[in-house]
Amino acid sequence: MQPSYIVDSANAPWKRSASEGIAFACQVLLSGEDGGPEALRFRFDDCPSVYAHMHLTSQFQLLLNGAMDFPRGVKHLEALAIHYTDHNMPYGPFAVSGNHDMLVLHPQAGGIVSMANRDARRKINLRGRLFAALAADSEWQPLPGAQGATFKFLMPPDFGSAAVLARAPAHAALGMPAAEFGRYEVVLEGSVIMEGREIGPPGFRYVRGVQAAEPLVTGEQGASVVFLTFDRDALEGGITGEGLAVEAAAAMARAI
Amino acid sequence: MTAENRESAGEFRVVVFADFVCPYSFLAVDQMDRLARDYGVKPLWRPHWLHPDTPPEGAARDRNADNAARDERRHAWFKEMAPEQYPRMRFPEKRHYSFRAFEALEFAYDQGLDFPYKTAVYELMWTEGRDIGEIETLTDAAERAGMDPAAMKHALDEHLYAERAFNAVNQARELGITNTPTIFLGKTRINGWTYDEVIESVMEQQGVRPKVALAS
């Protein structure tokens with residue numbers, strides 16, 4: 001049996017919180033405490049500058065609503081958008097606006113490290129990758145072998161980690177290859193039957209293993225699902241017993 | 001050749017592609033000046049023209065809600081990213097024309113003073129609020145860097161370095177430069193401004209040590 005987690009985000013509890021003066025609402029969807037994936041959902045209040053930080057693991061951010069603005073490189077993201085970083089790859093500061101709503105998806109617990117910490121800057125992953133894109137910027141293509149279904153790449157297919165958005169009519173089976181390093185399958189519209197449970201947006205399944213997981217099956221209204229697949233970087237970093245990791249875990253616990 | 005020998009021979013190449021009008025490039029000036037002092041390298045400053053559509057007199061920014069929000073974000077970001085430099089930074093009301101400053105940089109290069117010259121131009125623009133599209137600003141920078149301002153004025157009036165500056169701008173395009181600054185530290189390319197500690201780590205990774213460490 002391959003490890004998988006199914007989360008009905010729409011029915012998970014919210015908690016108001018603040019970190020470094022920045023207010024937000026948060027759902028802890030997967031804690032990562034069992035050594036498995038860590039998934040959080042944040043709704044930041046409008047803020048011109050969320051402090052620069054990094055996580056000690058690979059990360060997909062899936063912007064479900066609102067906008068994020070970055071000072072360098074990435075610039076402006078509007079939902080639907082993705083933002084990927086390798087472990088120990090800093091980003092920000094960034095602005096959030098427009099009823100921000102975002103999933104933060106890790107293959108393992110990653111903590112949070114403010115880049116105001118000068119010692120932590122020496123732990124930055126010098127080969128780390130950062131990628132961001134708006135879903136609207138890529139084209140839909142027919143999904144081979146699936147009548148009426150379409151898909152689009154949100155990341156270049158040769159990047160390593162992968163992000164694919166698929167849209168399918170009712171009762172379609174959406175099968176994906178094995179996810180050796182882990183994959184989040186997030187429902188964006190409609191509903192999906194996941195291992196016997198019907199899940200709506202923005203619920204998800206996390207799968208990991210050398211064998212392909214059971215295909216998702218779209219519900220009565222069809223569904224849009226984004227598949228966010230990690231590569232080997234997912235094995236790096238994490239909350240080890242080492243100093244920075246301990247601090248990062250404590251900072252994340254304080255924040256949420 | 002050992003890293004020490006390489007360094008003492010001044011062969012470790014540092015090249016920065018940047019535009020004077022870019023505030024992130026301004027932040028990189030202090031970093032590169034410090035790198036030059038601490039490591040004995042001589043960073044080469046090359047132009048990457050961010051806004052070729054800007055007319056010589058500059059382009060005024062619209063005063064609207066979007067730009068006001070953008071300004072608020074920018075101030076917040078710089079306050080966080082560069083707390084030491086932010087208090088003395090002056091953000092311009094209009095977008096400046098930078099090509100003339102690129103011509104001036106070529107002139108300075110021929111005098112062997114391009115490195116102090118670029119610092120003077122950035123200082124005038126980003127801390128004193130001067131318009132780098134104006135020849136007087138560029139000749140004042142020349143004087144600060146130890147050059148003859150009259151000779152520079154003549155070179156700019158006659159566009160003696162325009163072709164070279166244009167070729168340099170094209171070189172950046174051909175190299176696929178899209179971020180300013182883009183910093184080449186030996187074999188490593190850094191796209192965009194980064195932390196001092198990252199620059200130090202990259203130097204260390206390539207076996208280049210600060211002069212103080214070499215002396216001890």
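**Close-up views of a predicted model**

**View 1. Strand 9 of chain A is covered on both faces.** In this predicted model, Ala81(A), His83(A) and Thr85(A) lie on one side of the strand and are buried.

**View 2. Strand 9 of chain A pairs with strand 7 of chain A.** Strand 7 covers residues 59-69. The two strands run antiparallel and are joined by 5 bridges. One bridge pairs Leu63(A) with Ala81(A) of strand 9.

**View 3. Strand 9 of chain A also pairs with strand 12 of chain A.** Strand 12 takes in residues 130-134. Here 5 bridges link the antiparallel strands. His83(A) stands opposite Ala132(A) of strand 12.

**View 4. Helix 2 and helix 5 of chain B cross.** Helix 2 holds residues 23-39, and helix 5 holds residues 114-126. Their axes come within 10 Å and cross at roughly 140 degrees. The crossing is left-handed. Helix 2 brings Pro23(B), Phe26(B), Val29(B), Asp33(B) and Ala36(B) to the contact. They meet Phe115(B), Thr119(B), Tyr122(B) and Trp126(B) of helix 5. By class, the contact has 7 nonpolar, 1 polar and 1 charged residues.

**View 5. Chain A touches chain B.** Chain A gives 15 residues to the contact, and chain B gives 17 residues. On the side of chain A, strand 5 (47-50) and helix 1 (118-121) each supply at least two residues. That side of chain A has 8 nonpolar, 2 polar and 5 charged residues.

How values were computed: Residues numbered from 1 in each chain as written. Chains lettered and ligands numbered in written order. Predicted model: local features only at pLDDT ≥ 70, side-chain atom pairs only at ≥ 80, totals over all residues. Contact = placed C-beta atoms within 7 Å. Helix = DSSP H or I, 4+ residues; strand = E, 2+ residues; numbered from the N terminus. Nonpolar A, V, L, I, M, F, W, Y, C, P; charged D, E, K, R; others polar. Axes fitted to C-alpha atoms, helices over the stretch in contact; angles between N-to-C directions. Left-handed = near helix turned anticlockwise from the far one by under 90°. Buried ≥ 20, exposed ≤ 12 C-beta atoms within 10 Å, placed from the backbone. Pairing = 2+ DSSP bridges.
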